[in-house]
Amino acid sequence: MTIAQERTLASKVRADFPILHQQVHGHPLVYLDNAASSQKPKAVLEALQHYYQTDNANVHRGVHTLSSRATDAYEGARDKVAAFVNAATREQIVYTRNASEAINLVAYSWGMNQLQPGDEIMLSVMEHHSNLIPWQFVAQRTGAVLKFVELTDTQEFDLDHFRSLISDKTKLVSVVHVSNTLGCINPIEEITRIAHQYGARVLIDACQSVPHMPIDVQAIDCDWLVASGHKMCAPTGIGFLYGKLDLLRSMPPFLGGGEMIADVFLDHSTYADLPHKFEAGTPAIAEAIGLGAAVDYLTNIGMDKIHAYEEELTLYLFDQLNQIPEVKTYGPQPNATASNRAALASFTTGAVHPHDLSTILDQAGIAIRAGHHCTQPLHRYLNAQSTARASLYFYNTREEIDAFIVSLKEAIEFFGSIFG
Amino acid sequence: MSLNNLRDLYQQVILERYKKPRNRGKTNPVDRYQKGHNPSCGDTIELTLKLDGDSDRIEDVKFEGEGCAIAMASVDLMAEALKGRTTAEALEMVQKFQAMMRGEAEFPQELRKLNVMQGVAQFPVRIKCANLSWHTLKAALELQQGVKPAGFVSNE
Ligand SMILES: Cc1ncc(COP(=O)(O)O)c(C=O)c1O
């Protein structure tokens, strides 16, 4: 892809994001914290507005017109999500509040009931706390044991180590697709294939991949996959769990309440069919509809295009960062086409602590993340107390990377002038 | 970049203390120990105090730990300012520092060095960085002698 085309994608879409067109501390906002949460296009904001202005009612309950419109829109969004990740049927998409809740659903419904003392759960050291703590709960309750795949020299998922750890005792492999800290893209199809040879189930945390690249759950062949709407142009409060049909059918409900039942008696109940069995209570209706609108928006642009553009940005970002001697980046360097990593860079700068850096950049209108990005064990493994992270999305431009680099250099100089 | 704004925050003294803290280490003996930690940013300090039991005075304060320039300068300046103070005076200083972070107070002449932290009040998200050491001190002082401290205290 040429630079001219690249400019076209970001410049074509920027007008769709009202929030990007503002000044922060007297400078144009440069939003580089997309791995934490993305911005929302007008199409999504309008879908929310439209829903509340014209269709608002509870779903699956009323016979009246508004309820039926709300139900259609809510269920229509499910079809969109199913198509977006190529799920075979719509029943395989369960709405959750976010990815964390989706993982907890699997941990409580499946993990707590299926795992026995001595069974092994395989994670990696790069997991987000969301894909760690629920399994700690399961291990504590069931006596299952947690195992952790470590990193290669290039700070990527060590497939050889994975092969050496896995055994017939492994009942679950739960790994992140794209690390929110290292940016590496993990070989999840290979991981899934190997895990299945040992009869283990596979959960993929796709929070950082679904927003940025085409995802095909059938090609991956994973048993579950989770993602959060707010990182993919949708509102907060909505995410989803994909699962294999037989497996979801065999899993007991996670939360009880309205919506998830078939027949209720005083002492027992029967449950609704999929996916409603897992959706207790009044759901996040507007947010689910917003997720549908986000999926439409992304699909219209094309996930291939988004991914290709972000690869170009990745190359440019690392090219610039690599020229600053004080900067140390984490995760793999991009290969020639950046097909091995995401458009984000976690880094340290020696003298400038990530928090101070974030404050300094904020004064220039540049939003980056500083801290441990919910991967404390990974930071410990890397021997880094905290890192700074710039994470991009398809509406970011090279000019924004330039602005970030200029301010980063100024911050290093500012601290350096005192440190001499 | 608004470097002027930043110079208010990152006063020379703060950056110097960040680079070359004067009160790193552990007191001997350790009469009080408390760990302070802000989980969302990772800043961690381990504060130790040496007390004179008779006069209830703080004889020495030291710290270990890692964090941003604001947190590190704050704990280093605090350690210095506390030497020779009674625990009651130290608790008053905690109050005063927290009021200063709200822009409502400053320290008198003999403690004016602490006033270099005043600029932090203009950066609300960073106040917890400056406060961490004082928050930890308060927990250390309020701890009964010989009682084991809770894992850590946080002011997030
Ligand atoms: C890789 C990864 N997993 C899980 C999560 C958790 O997402 P949420 O907080 O939306 O549940 C995040 C986002 O913070 C993430 O980046």
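**Figure 1. Residue A:C374 of the predicted model, in a loop of chain A.** The phi angle of A:C374 is near 60 degrees, a positive value in a residue other than glycine. Most residues other than glycine have a negative phi.

**Figure 2. Residue A:C233, with a positive phi.** Phi of A:C233 is near 80 degrees, and this residue is not a glycine. A:C233 belongs to the loop that links strand 9 (224-228) and strand 10 (239-243) of chain A. Is A:C233 buried or exposed? A:C233 is buried, because 27 other C-beta atoms lie within 10 Å.

**Figure 3. The cis peptide bond between A:L274 and A:P275.** Most peptide bonds are trans. The bond that joins A:L274 and A:P275, however, is cis, and its omega is about -5 degrees. A:P275 is placed in the loop between strand 12 (269-271) and helix 10 (285-301) of chain A.

**Figure 4. The cis peptide bond from B:N28 to B:P29.** In chain B, the peptide bond from B:N28 to B:P29 is cis, with omega near 0 degrees. Where is B:P29 placed? B:P29 is in the loop between helix 2 and strand 1 (32-38) of chain B.

**Figure 5. The packing of helix 4 and helix 5 of chain A.** Two packed helices are described by the angle between their axes and the distance between the axes. For helix 4 (residues 99-114) and helix 5 (residues 133-142) of chain A, the axes come within 9 Å and cross at roughly 15 degrees. Angles under 35 degrees count as roughly parallel, and helix 4 and helix 5 of chain A are therefore roughly parallel to each other. Their crossing is right-handed. Helix 4 of chain A contributes A:I103, A:N104, A:A107, A:G111 and A:M112 to the contact. From helix 5 of chain A come A:P134, A:W135, A:F137, A:V138, A:R141 and A:T142. By class, the residues of this contact are seven nonpolar, three polar and one charged.

**Figure 6. The side of chain B that touches chain A.** Here, 18 residues of chain B are in contact with 19 residues of chain A. On the side of chain B, the elements that give two or more residues are helix 1 (3-9) and helix 2 (12-19). Which of these elements gives the most to the side of chain B that touches chain A? Helix 2 of chain B does, with four residues. The side of chain B that touches chain A has nine nonpolar, five polar and four charged residues.

**Figure 7. The fold of chain B.** Chain B has five helices and three strands. From the N terminus on, these elements run α-α-β-β-β-α-α-α. The radius of gyration of chain B is 15 Å, close to the 15 Å that the globule rule gives for 156 residues, so chain B is as compact as a globular protein of that length. Taken along the principal axes, the box filled by the C-alpha atoms of chain B is roughly 50 × 35 × 25 Å. Of the 156 residues of chain B, 40% count as buried. Among the contacts in chain B with a separation of 6 or more, 64% are between residues 24 or more positions apart.

Conventions. Residues numbered from 1 in each chain as written. Chains lettered and ligands numbered in written order. Predicted model: local features only at pLDDT ≥ 70, side-chain atom pairs only at ≥ 80, totals over all residues. Axes fitted to C-alpha atoms, helices over the stretch in contact; angles between N-to-C directions. Parallel < 35°, antiparallel > 145°, perpendicular 65-115°, else oblique. Left-handed = near helix turned anticlockwise from the far one by under 90°. Contact = placed C-beta atoms within 7 Å. Nonpolar A, V, L, I, M, F, W, Y, C, P; charged D, E, K, R; others polar. Buried ≥ 20, exposed ≤ 12 C-beta atoms within 10 Å, placed from the backbone. Rg over C-alpha atoms; globule rule 2.2 N^0.38 Å.
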